Amino acid sequence: MSNVHELQFLKEKIQELKDQGVYRKLPVLEGANEAEVILNGKKVINLSSNNYLGFANHPRLKKAAVEVVDKYGVGAGAVRTIIGNMDIHEEMEKLLAEFKREEAVMVFQSGFNCNAGTIQAVTEKGDLIVSDELNHASIIDGARLSRADKTVFKHANMNHLEEVLKENRDKYRNILIITDGVFSMDGDIAPLPDIVNLAEKYNAMTYVDDAHGSGVLGESGRGTIDHFGLHGRVDFTIGTLSKAIGVIGGYVAGSHTMKDWLSHRGRPLLFSTSLPPATVGAIMEAVKLLMSTTEYTDRLWDNAKYFKEKISKLGYNIGNSGTPITPVIIGEEGKTMEFSKKLFDHGVFASGIVFPTVPKGTGRVRCMVTAAHTKEQLDRAVDIFKTVGEEMKLF
Ligand code: PMP
């Protein structure tokens, strides 16, 4: 066999990963995503999932999924523009629009797909995309698929954003400002009121990826736009159905015009099969549950506050998070990964995140507290953070 078919070029790249100490196998979870799990054969407290409300294994969502499967089957059978657009897809979008307090919602197969499809569809040559430097990878990839020019502004820096807008306003047809609502590595909330004011001042459009704000911030988890009372002033709001909602999928909320256009030019919608019925049934149940009670969002915030207070009292630096995302910043890359490994050995899974995902020297384990954790589990996790911190002489 030739070298090409042995994928020698990839073997060499994999060796490079090994030499850099960043090679790893995918961790294997035995069973459902819950607060305490068996991961790689070991029982650990799970502080690494986006299952904010514990919906991923919620009995009501599971029951709803099964009921829908009985009537609609397991697959949608086609892309939405052909015959994959079932009445339940339409119903789900109406429900999400009501939840998000927007005119219309278009659902895609994932949050990633939604960013990739929407950014590309609403911008073209002669436009400018202005993106926060810490925006999620799916925004970066979505922007790459667009023929618009791109530039970044310094993270949450409104002076810099204004400079960029001032300099470019007259050079382009449309300007699209893109920001995460909540930044996934630090848990900080974007200064949306200021961004929206600048957008209005410079006649630019706004696009907020609220993957980590939906189901978390605002009334009953309606998201960051609701948290700041900015309904009607943001053109495109992205949410995922894979994090707080606990299932899979992504959506963009905005105007009827937006939805109409995406149904013609949202490429993942035109060329990839729509969400399967079970997923749609579970999503609708999750949204109904969220709209009927604040029990889950209340518990999420209560747990997050409880955990953060205890961890920071131990002497750890937990950054500037305004949400349940709790970065425990260790600093140096090797030390961060050692810390994460020792936590695992003692019974906590909190994944280590280092350069290039975060800037050099700011390695952290990212803790995701959820509504599903008990206080007892959080106490045990805190004890383990204390033990490992002492072992490594971190304080
Ligand atoms: N945007 C942000 C900010 C995210 O954190 C993620 C998930 N990591 C996505 C989009 C992609 O969402 P999904 O997992 O639903 O594809």
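Author: The place of V328 is in strand 11 (residues 325–331); helices (H or I, at least four residues) and strands (E, at least two) are DSSP runs numbered from the N terminus. The model is a predicted one, in which local features need pLDDT of at least 70, side-chain atom pairs count only at pLDDT 80 or more, and totals for chains, interfaces and linings use all residues. Residues are numbered from 1 along each chain as its sequence is written, and side-chain values use heavy atoms, with hydrogens and water left out.

V328 has 0% relative accessibility and therefore counts as buried (under 20% relative accessible area, with exposed being over 50% and partly exposed in between, for a 1.4 Å probe and protein chains only). Contact means heavy atoms within 4.5 Å. Not counting residues up to four places away in sequence, V328 touches I311, Y316, N317, I318, F339, G363, R364, V365, C367 and F385. Its C-alpha atom is 29 Å from that of H58, a residue 270 places away along the chain.

R364 also has a contact with M185, a residue of the loop between strand 7 (175–180) and helix 7. M185 and I245 are 60 residues apart in sequence, and their C-alpha atoms are 20 Å apart.

A cis peptide bond, with omega near 10°, leads from F355 to P356. P356 belongs to the loop between strand 13 (352–353) and strand 14 (363–368).

Turning to the helices, helix 11 (residues 277–292) has 16 residues and reaches 23 Å from its first C-alpha to its last, close to the 22 Å expected, the expected span being 1.5 Å times one less than the number of residues. Twelve of those 16 residues are buried, so helix 11 is largely enclosed by the rest of the structure. Among the buried residues are P277, V280, M284, E285 and L289. Their cover includes helix 2 (59–72), helix 3 (87–100) and helix 12 (295–314).

Helix 4 (residues 111–122) packs against helix 5 (residues 137–145) at about 30°, with axes 8 Å apart; axes are lines fitted to C-alpha atoms, for helices over the stretch in contact, and angles run from 0 to 180 degrees between N-to-C directions. The two helices are therefore roughly parallel (under 35 degrees; over 145 is roughly antiparallel, 65 to 115 roughly perpendicular and the rest oblique). In this contact F112, N115, A116, I119 and Q120 of helix 4 meet S138, I139, D141, G142, A143 and L145 of helix 5. These residues divide into six nonpolar, four polar and one charged, where Ala, Val, Leu, Ile, Met, Phe, Trp, Tyr, Cys and Pro count as nonpolar, Asp, Glu, Lys and Arg as charged, and the others, Gly among them, as polar.

The axes of helix 6 (residues 158–168) and helix 7 (residues 192–201) come within 11 Å and cross at roughly 15°, and these helices are therefore roughly parallel as well. M158, L161, E162 and L165 of helix 6 meet D194, I195, L198 and K201 of helix 7. That contact comprises five nonpolar, no polar and three charged residues.

Two residues other than glycine have positive phi: N40, at about 50°, and R101, near 55°. N40 is in the loop between strand 2 (36–39) and strand 3 (42–46). R101 is in the loop between helix 3 and strand 4 (104–108) and is partly exposed, with a relative accessible area of 38%.
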